[in-house]
Amino acid sequence: MSAWLTVDPADPTPPYEQVRRQIADLIEIGSLRVDDRLPPLRQLAGDLGLAVGTVARAYAELETSGHLSSRRGGGTRVADGWVTRPRRDLLAELAAAYVDRARTLGCADDAIERAVVARLRGPVGAEETWR
Amino acid sequence: MGPVIGVAVLTFAVMVVVTAVRHRGARALAVTLVRGAGVTIGVVAAAMAVAQPGLKGGLSLGRAEMLAPVLFGGSVLVASVIAETLVRAPRPLGVRHASLLTRAIRDYLPPRLAPLVLLAAGLLATLLTITTATASPDDQGRPGRWLTTSCQTPDGLLSASSGPYPGSGFSLPLSIALLLCVALAGLGLRQVVARPRGIAADGEAGDDELRRASSRAIVAGLGVAVAGSLSGCAAFAASAVIRVACATSLSVAAGVLLALLAAAAAVLAAGCLALVVGGRAA
């Protein structure tokens with residue numbers, strides 16, 4: 001297991017949700033497998049520069065949704081019973097959400113496509129697309 | 001006692017100067033200062049316990065000499081642990097990354113030193129168990145202070161005693177002090193492993209390297225306490241076993257073995273001290 005999490009303070013999504021979503025995604029595509037142990041709250045919170053309570057909330061929500069389970073003395077682990085789905089399915093979902101939102105904003109399909117390409121080349125390019 | 005404290009203070013000063021030259025960082029200086037202070041305070045405390053007449057009443061009959069290593073080692077250990085928790089990484093401002101790998105204490109333990117310290121702890125536990133079981137009261141009836149043997153002589157049954165001997169009078173306070181040291185080292189190692197990334201300038205690999213250096217310093221601090229105590233106890237036990245009037249060739253051989261063990265433990269303690277004093281600070 002060599003997965004990484006990223007938290008962007010500039011992202012309007014709350015940090016706990018960023019952590020929750022990424023861990024859920026990693027479990028659903030199989031990067032994190034059943035019984036893989038997650039780092040202790042203090043370790044992950046320290047490395048991400050977040051409060052322990054923020055990471056605790058993400059773990060708690062992932063336990064509620066059945067992604068994680070924790071045992072006294074056994075740490076927090078990926079819960080049993082998850083059927084992984086192909087990475088491309090998750091990618092398709094993300095693309096659909098992006099396209100739907102961009103169309104709602106009234107963007108043309110070629111502009112939507114150019115924005116994706118520009119984003120892949122770097123965030124500055126993405127801003128230039130909209131000018 | 002004066003020259004001992006002088007050497008300790010001089011060692012402290014050399015550590016600070018060497019660190020200032022080798023690593024020009026606030027962390028390195030803080031770590032070295034705290035470690036140096038621990039060594040100095042340890043030397044002074046151990047020297048006072050042995051030399052101060054005021055303390056002799058409470059730590060009499062060789063107890064002060066036998067507990068001096070753990071006093072010194074404990075002080076070095078406390079300093080090693082405090083030094084590793086003093087300086088924290090600056091909180092990152094931009095996008096932050098973290099691995100989902102769980103860091104464990106065993107991943108950062110020094111591969112050669114940790115087994116040696118564990119072996120020393122095992123030998124000390126065995127030695128103290130044996131000496132506690134074989135010790136007898138001293139001439140004033142205080143339990144666990146002398147080694148008493150008896151043998152048949154042409155004049156009749158001779159009972160002979162020799163001390164100080166690390167019986168319960170010594171082993172109990174020593175065991176309590178050492179258990180505290182082990183608990184402290186465990187807490188320190190936990191702290192080092194949980195420490196956020198970002199102290200080292202060269203990223204994750206640098207942080208891991210620094211974590212190993214910190215763990216080495218803490219294990220070495222524990223090594224000073226454990227090996228120093230083993231050396232002291234083995235030396236006193238060897239002396240008592242060899243000097244007792246009813247000594248047989250077998251007990252003299254055991255005494256020689258104990259003396260060799262004391263010497264080996266002293267070398268390990270000195271090596272551990274060198275690692276604390278000269279170990280990487282940043």
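Author: A definition is needed before the pairing of strands can be described: two strands count as paired if DSSP finds at least two bridges between them. The model discussed here is a predicted one.

Strand β1 of chain A, residues 4-7, is joined to β1(B) by 4 bridges, and the two strands run antiparallel. Within this pairing, T6(A) has H97(B) as its bridge partner in β1(B).

The contact as a whole draws 22 residues from chain A and 19 residues from chain B. The size of an interface is often given as the accessible area lost when the parts come together. Here chain B and chain A bury about 2000 Å² between them, and 55% of that area lies on carbon and sulfur atoms. Of the area that chain B buries against chain A, 38% comes from R96(B), A98(B) and L100(B), more than from any other three residues.

Polar and charged interactions also cross the interface. The rule finds 12 residue pairs in polar contact between chain B and chain A, with both residues at pLDDT 80 or more. It finds 1 salt bridge across the interface. R103(B) forms a salt bridge with D47(A), in which the closest N and O atoms are 2.8 Å apart.

On the side of chain B that touches chain A, at least two residues each are supplied by β1 (96-99) and α7 (168-194) of chain B. The most is given by β1(B), with 4 residues. Sorted by class, this side of chain B comprises 7 nonpolar, 5 polar and 7 charged residues.

Chain A also has a sheet, which may be set beside the pairing of strands described above. In chain A, 3 strands form an open sheet in the order β2-β4-β3, with antiparallel pairing. Its edge strands are β2 (37-38) and β3 (68-71) of chain A, each of which pairs on one side only. Strand β4 of chain A, residues 75-78, is joined to β3(A) by 4 bridges, and these strands run antiparallel. In this pairing, S70(A) has T76(A) as its bridge partner in β4(A). Helix α3 of chain A, residues 52-64, lies across β2, β3 and β4 of chain A and runs at about 105 degrees to β3(A).

Technical notes. Residues are numbered from 1 along each chain as its sequence is written. Chains are lettered from A and ligands numbered from 1 in the order in which they are written. This is a predicted model: local features need pLDDT of at least 70, side-chain atom pairs count only at pLDDT 80 or more; totals for chains, interfaces and linings use all residues. Side-chain values use heavy atoms; hydrogens and water are left out. Contact means heavy atoms within 4.5 Å. Buried area is the accessible area (1.4 Å probe) that two parts lose on being put together, summed over both. A salt bridge is a side-chain nitrogen of Lys or Arg within 4 Å of a carboxyl oxygen of Asp or Glu. A polar contact is a pair of N or O atoms within 3.5 Å; within protein, one must be able to donate a hydrogen and the other to accept it, and residues adjacent in sequence count only if both atoms are side-chain atoms. Ala, Val, Leu, Ile, Met, Phe, Trp, Tyr, Cys and Pro count as nonpolar, Asp, Glu, Lys and Arg as charged, and the others, Gly among them, as polar. Axes are lines fitted to C-alpha atoms, for helices over the stretch in contact, and angles run from 0 to 180 degrees between N-to-C directions.
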